[in-house]
Amino acid sequence: MAEKSKIILLSGLQPTGPLHLGNYLGAVRNFVRLQDEFAGRFFVFVADYHSLTENYDPKEKQNQILMLGAELLAAGLDPKKVTLYVQSDIPEVTELCWVFNTVTPISFLERMTQFKDKASRQKENINMGLFDYPVLQAADILLPKAAAVPVGEDQVQHVELTRDIARFFNRKFGETFPESKPVLTATPRVMSLSEPEKKMSKSIPGSFISLSDSPEEIKQALRRAVTDTGPGPGRSDLPRRSDLQAMSPGVANLFGLLREFGTPEDVGAMERAYRGGTIKYVELKDLLAARIAEYFSEFRKKRAQLLKNPSAVKKIFAAGGKKIRAIASKTMREVRQKVGLR
Ligand code: TYM
């Protein structure tokens, strides 16, 4: 057996709706790979405190938390290899966030692109939590002293801020926290189906395909995906499709997805058709829809089973919560003492 690594891995996801292809290709699939390849401690959690910063219905929150747990397990997360827990089961994380607030310059938070994005999308609810969101994320990561954070590209800036916060803390109070680094996949930024210059996002309807979507829903979502006017008779004014690099963002995104979910033959045939100018995007879309539906068919079954029996998910959360609480209280004892509390 591989020697147990001392490096700690950690990642979190917000319970704000079903997982989509961006979450899967940017993060969740990597968790499943890392849990097998990596012999150290690995924590994955449901970021429910973070999710309170968006508009939501409190009556829905517990269902969303359970659904995310069920989806992570259905996607292949193994609770024997990964500690799965709910963030609000360790209120210590908000205490650490408070301490970190006192070493974080406001100007660093003003630079966060996610804050700016979200603030522009929810102008009527630009709350303090939204602004402080990255500091709570730093507390998530550093509470168990995680050095490696598997995430999509949109979270890299938050991990870099975590590193700054660790440095500021260590400089002021003595060496305590590691300098964490993001761990990216080959597809760290899956683009939106409806606006392919932007990332696929839960908060933009029409931009995403959920892992739980039925084959028909996947097909319909892809049929609506933006491509370009495409080749055809009378369109000799279009640039020649001899160069795959010159693909429009929408088409490039569909090819990117076909590379992940299709066979090498699928990709070869579609690339040849593209180069030859004979491609019909509806065929590319329907082929991709069939491959995605097939890829997640087992996921859909397991998810449905787990949602029928949520006590299994609750038990896993409870066991995970117990493990992380022990670690959290140890770190907080150290932090309180270092900053001069009791
Ligand atoms: P969340 O819930 O928005 O997203 C979960 C994970 O999915 C990745 N992701 C994507 N990857 C590629 N392409 C996309 N279009 C795409 N959309 C989302 C995200 O990068 C993320 O890895 N702030 C985090 C939750 C969090 C966290 C943490 C993560 C809270 N504390 C500590 C790591 C460590 C978030 O909003 O994820």
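A residue is counted as near a molecule when one of its heavy atoms lies within 4 Å of that molecule. With that definition in place, I shall present this structure, which is a predicted model.

Which residues come nearest to the ligand? There are 28 residues around the ligand, and the nearest are Gln14, Tyr133, Asp140, Asp154 and Val190. Three of these deserve a separate word. Aspartate 140 places a polar side-chain atom 2.7 Å from a nitrogen atom of the ligand. For aspartate 154, a polar side-chain atom lies 2.4 Å from a ligand oxygen atom. Valine 190 takes part through its backbone: a polar backbone atom of this residue is 2.9 Å from a nitrogen atom of the ligand. As for the surface of the ligand, taken alone it exposes 710 Å², and the protein buries 96% of that.

I now turn to the domains. The protein chain is divided into domain 1, comprising 4-189 and 309-339, and domain 2, comprising 215-298. Five residues from domain 1 and six residues from domain 2 make up the contact. Between the C-alpha centres of the two domains the separation is 35 Å.

How much area do domain 1 and domain 2 bury between them? The value is about 530 Å², with 68% of it on carbon and sulfur atoms. The size of an interface is often expressed in this way, as the accessible area lost when the parts come together.

Finally, I come to the pairs across this interface. One salt bridge is found between domain 1 and domain 2, along with two residue pairs in polar contact. On the side of domain 1 that touches domain 2, three residues are nonpolar, one is polar and one is charged. Glutamate 260 and arginine 29 form a salt bridge, their closest N and O atoms being 2.6 Å apart.

Methods: Residues numbered from 1 in each chain as written. Predicted model: local features only at pLDDT ≥ 70, side-chain atom pairs only at ≥ 80, totals over all residues. Heavy atoms only, no water. Domains from an automatic or database assignment. Contact = heavy atoms within 4.5 Å. Buried area = accessible area lost by both parts, 1.4 Å probe. Salt bridge = Lys/Arg side-chain N within 4 Å of Asp/Glu carboxyl O. Polar contact = N/O pair within 3.5 Å; in protein donor to acceptor, adjacent residues only side chain to side chain. Nonpolar A, V, L, I, M, F, W, Y, C, P; charged D, E, K, R; others polar. Areas by Shrake-Rupley, 256 points an atom, 1.4 Å probe, with all protein chains shown as cover.
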